[in-house]
Amino acid sequence: MVATSMIQRLILLCQYPGFSRNLVGPYDNVGVIQGRIPGSSACQVFYPAALNTKNSYFLPYFRPRAIPGVAGFGGLDPEVVQFLSWKRHPCKVDAPIVEEEFPVVFFPHGLGGCMEMYTDICQQV
């Protein structure tokens with residue numbers, strides 16, 4: 001328990017996970033919608049967001065429900081990775097979408113991962 005607490009503090013002190021502050025694409029804001037495909041897994045939809053995002057909000061980086069699965073896959077105690085639900089998701093939830101055309105990219109996270117693990121990559125696309 002003490003070791004777990006020390007590991008969590010050390011990881012947070014190193015500011016992990018670190019998200020890019022400057023987006024490389026043509027849009028300054030990225031919005032996200034989180035949901036579940038019926039009969040399948042949870043997913044996130046990232047999109048260029050309008051600059052006016054005052055009615056949007058932030059969620060935890062990792063959903064609390066995802067912690068046991070990620071820990072189990074890595075052979076870790078769930079308490080070791082619990083800190084991931086304390087971090088703030090870098091994209092604004094339900095932000096208004098830009099009023100223009102843009103490409104759509106599907107990014108499956110693959111086996112053993114979860115949708116949160118690739119947030120930084122997806123917000124850059």
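# A quick tour of the chain

The protein chain has an accessible surface of about 8,400 Å², and 60% of that belongs to carbon and sulfur atoms; accessible areas come from the Shrake-Rupley method with a 1.4 Å probe, and for residues only the protein chains shown count as cover. Keep in mind that this is a predicted model, where local features need pLDDT of at least 70, side-chain atom pairs count only at pLDDT 80 or more, and totals for chains, interfaces and linings use all residues. Residues are numbered from 1 along each chain as its sequence is written, and side-chain values use heavy atoms, with hydrogens and water left out.

**Overall layout**

- You'll find 4 helices and 3 strands in the protein chain; helices (H or I, at least four residues) and strands (E, at least two) are DSSP runs, numbered from the N terminus.
- Going along the sequence, the pattern reads α-β-β-α-α-β-α.
- Of the 125 residues in the protein chain, 31% are buried (buried means under 20% relative accessible area, exposed over 50%, partly exposed in between, with a 1.4 Å probe and protein chains only).
- Take the contacts between residues at least 6 apart in sequence: 72% of them join residues at least 24 apart. Contact here means heavy atoms within 4.5 Å.

**The sheet**

- The 3 strands form an open sheet in the order β2-β1-β3, with mixed pairing; two strands pair if DSSP finds at least two bridges between them.
- β2 and β3 (92-93) are the edge strands, each pairing on one side only.
- Strand β1 (residues 30-36) is joined to β3 by 2 bridges, and these two run parallel.
- G31 stands opposite K92 in β3.

**Helix α2 and its two sides**

- A66, I67, V70 and A71 of α2 are buried. They sit on the same side of α2 because they cover an arc of only 125° around the axis, the arc being that of the directions from the helix axis to the C-beta atoms.
- Here's the background: an α-helix has 3.6 residues a turn, so residues three or four places apart point the same way.
- Over on the other side of α2, G69, G72 and F73 are exposed.
- The buried residues of α2 pack against α3 (78-81).
- Just after α2 comes G75, with a positive phi of about 70°.

**Nonpolar cores**

- The largest nonpolar core has 10 residues, among them Y61, F62, V81, F83, L84 and C114. A nonpolar core is a set of buried Ala, Val, Leu, Ile, Met, Phe, Trp, Tyr and Cys residues joined through side-chain atoms within 4.5 Å.
- α2 gives this core its largest share, 4 residues.
- There is also a second, separate core of 6 residues, including V30, V32, F46 and V93.

**Two loop residues**

- R63 lies in the loop between β2 (42-48) and α2 (66-74), and counts as buried because its relative accessibility is 16%.
- Leaving aside residues up to four places away in sequence, R63 touches R36, A42, C114, M115 and E116.
- D94 sits in the loop between β3 and α4 (119-124), and its relative accessible area of 43% makes D94 partly exposed.
- The phi of D94 is near 60°, a positive value in a residue other than glycine.

**Cysteines**

- The count of disulfides is 0, a disulfide being a pair of cysteine sulfur atoms within 2.5 Å.
- C91 is buried, with a relative accessible area of 0%, whereas C43 counts as partly exposed at 24% relative accessibility.
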